[in-house]
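Reader: I've got a model open and some side chains to sort out. Can you walk me through the contacts?
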Amino acid sequence: MKTNLTVALLLWTSLIMAQEIPKEAQRTLNQEKREYKELAREGYDIILDPIEQTPIDPSMYKIAPTYTGNWGNEYLGITGLFNEIKTKATKKVVVYIFDTAGEFDHPLLKAAAWNEKGRIYTSESSKLDGNGHGTHCAGIIAGISPSVPLGIARGLVEKGLLKVVPIKVLTNQGAGSFTWVINAVKDVNIEAAQLIQQGWSVVYSFSLGGNVPSGIPELETVFKYAVDQGVFISAASGNTGGEGVNYPGSSPNARAVAALERLDETNARRASYSTTGDQVYCAAPRSEERRV
């Protein structure tokens, strides 16, 4: 099991840091690349990229110049509109995060975590996030810190309007199967339909993917059912740096999200590693703490 990453991941979500790669981080990245190859040989069809698996503690960096804000929140206008969003928002939203966590135990997610609805579809006995990636994704959405503006929807959390549900479809090694994803979506669809009837908005989040150019019919069936009920499905475009959006981001029932990198306080551009393609729906600020 990997070292628990959640503290560094949540406290430094989307922070810009110097690009010098510490030797320790490079060694870890090299080890992750070896593990990636081994997991592929074992037959997993979803494996988090090595760059998504490498823990980078900000203290390892020589920060010059120092940047201590949250550029993602600023670029999207969340920081400036925080009070207005919090005041005007009225509808409840639940985000199902299909990733490495079946339970969120980080204190900065306490207000948003809907752990009672968490599920596990891997062969592991514990729902807890032994990898950190799922917790990291939840932090981008719903993390609340007294000192740093974390989650982009933290205003909704503070108002009691947003919940995040952990659905564990990836192991603590960051690997999974589309069969697990299909089974998870089937089950969650039942609950999501009920919540929508109760007036909730429902989002499925997939910060994962694989190379499946033609898609998977059974997954498309359960995706279409979800969309027909009113679910919004978001998925990462990928980290290949080239053309060809990863699946399920390339699904006609999903909306692929690419990554932006910061240029300065107000400008951004496509991140060099972000996968492009016709299926890209939008782009959002990348989270820097996992980039090396």
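Author: First, a term: contact means heavy atoms within 4.5 Å. This is a predicted model, where local features need pLDDT of at least 70, side-chain atom pairs count only at pLDDT 80 or more, and totals for chains, interfaces and linings use all residues. Residues are numbered from 1 along each chain as its sequence is written, and side-chain values use heavy atoms, with hydrogens and water left out.

Reader: Good. What does K168 touch?
Author: Leaving out residues up to four places away in sequence, K168 touches D99, T100, A101, G102, R119, I120, Y121, T122, E124, S126, K127 and L128.

Reader: Where does K168 lie?
Author: K168 is in strand β4, residues 162–168. Helices (H or I, at least four residues) and strands (E, at least two) are DSSP runs, numbered from the N terminus.

Reader: Is K168 buried or exposed?
Author: K168 counts as buried because its relative accessibility is 0%. The cut-offs: buried is under 20% relative accessible area, exposed is over 50%, and partly exposed is in between (1.4 Å probe, protein chains only).

Reader: Which side chain makes a salt bridge with K168?
Author: E124. The K168 and E124 side chains meet at 3.5 Å, N to O. E124 sits in the loop between β3 and α6 and K168 in strand β4, so the pair ties together parts 44 residues apart in sequence. A salt bridge here is a side-chain nitrogen of Lys or Arg within 4 Å of a carboxyl oxygen of Asp or Glu.

Reader: And which side chain makes a polar contact with K168?
Author: That is N172, at 3.0 Å side chain to side chain. A polar contact is a pair of N or O atoms within 3.5 Å; within protein, one must be able to donate a hydrogen and the other to accept it, and residues adjacent in sequence count only if both atoms are side-chain atoms.

Reader: D99 was on that touch list. Which side chain makes a polar contact with D99?
Author: H133. Its side chain and that of D99 are 2.7 Å apart in this contact. H133 is in helix α6, residues 133–142. At 0% relative accessibility, H133 is therefore buried.

Reader: How far is H133 from G174?
Author: Their C-alpha atoms are separated by 7.9 Å, although H133 and G174 are 41 residues apart along the chain.

Reader: Back to salt bridges. How many in the whole structure?
Author: Nine, from a search of the whole structure. One of them joins R119 and E191, at 3.7 Å from N to O. R119 lies in strand β3 (residues 119–120) and E191 in helix α8 (residues 178–197), so this pair ties together parts 72 residues apart in sequence.

Reader: What network includes R119 and E191?
Author: A network of salt bridges that links K117, R119 and E191. R119 is partly exposed, with a relative accessible area of 25%. E191 counts as buried, at 13% relative accessibility.

Reader: What about R41 and E38? How far apart are their closest N and O atoms?
Author: 2.8 Å, in a salt bridge. R41 and E38 are three residues apart in helix α2 (residues 23–41), so about one helical turn separates them. R41 counts as exposed at 60% relative accessibility, while E38 counts as partly exposed at 35%.

Reader: Switch to aromatics. How many pairs?
Author: Eight aromatic pairs. F98 and F206 form a stacked one, 4.4 Å centre to centre with 15° between the planes. That pair links distant parts of the chain: F98 is in strand β2 (residues 93–99), F206 is in strand β6 (residues 201–206), and they are 108 residues apart. The rule: rings of Phe, Tyr and Trp (its six-membered ring) pair if their centres lie within 6.5 Å; planes under 30 degrees apart count as stacked, over 60 as edge-to-face and the rest as tilted.

Reader: Are F98 and F206 buried or exposed?
Author: F98 is buried at 0% relative accessibility. F206 is buried at 1%.

Reader: Which residues are in the cluster with them?
Author: Ring pairs link Y96, F98, Y204, F206 and F223 into a cluster.

Reader: Y204, then. Which side chain joins it in a polar contact?
Author: N189, at 2.7 Å. N189 is in helix α8, and is buried with a relative accessible area of 4%.

Reader: What else does N189 touch?
Author: Besides Y204, N189 touches V222, Y225 and A226, not counting residues up to four places away in sequence.
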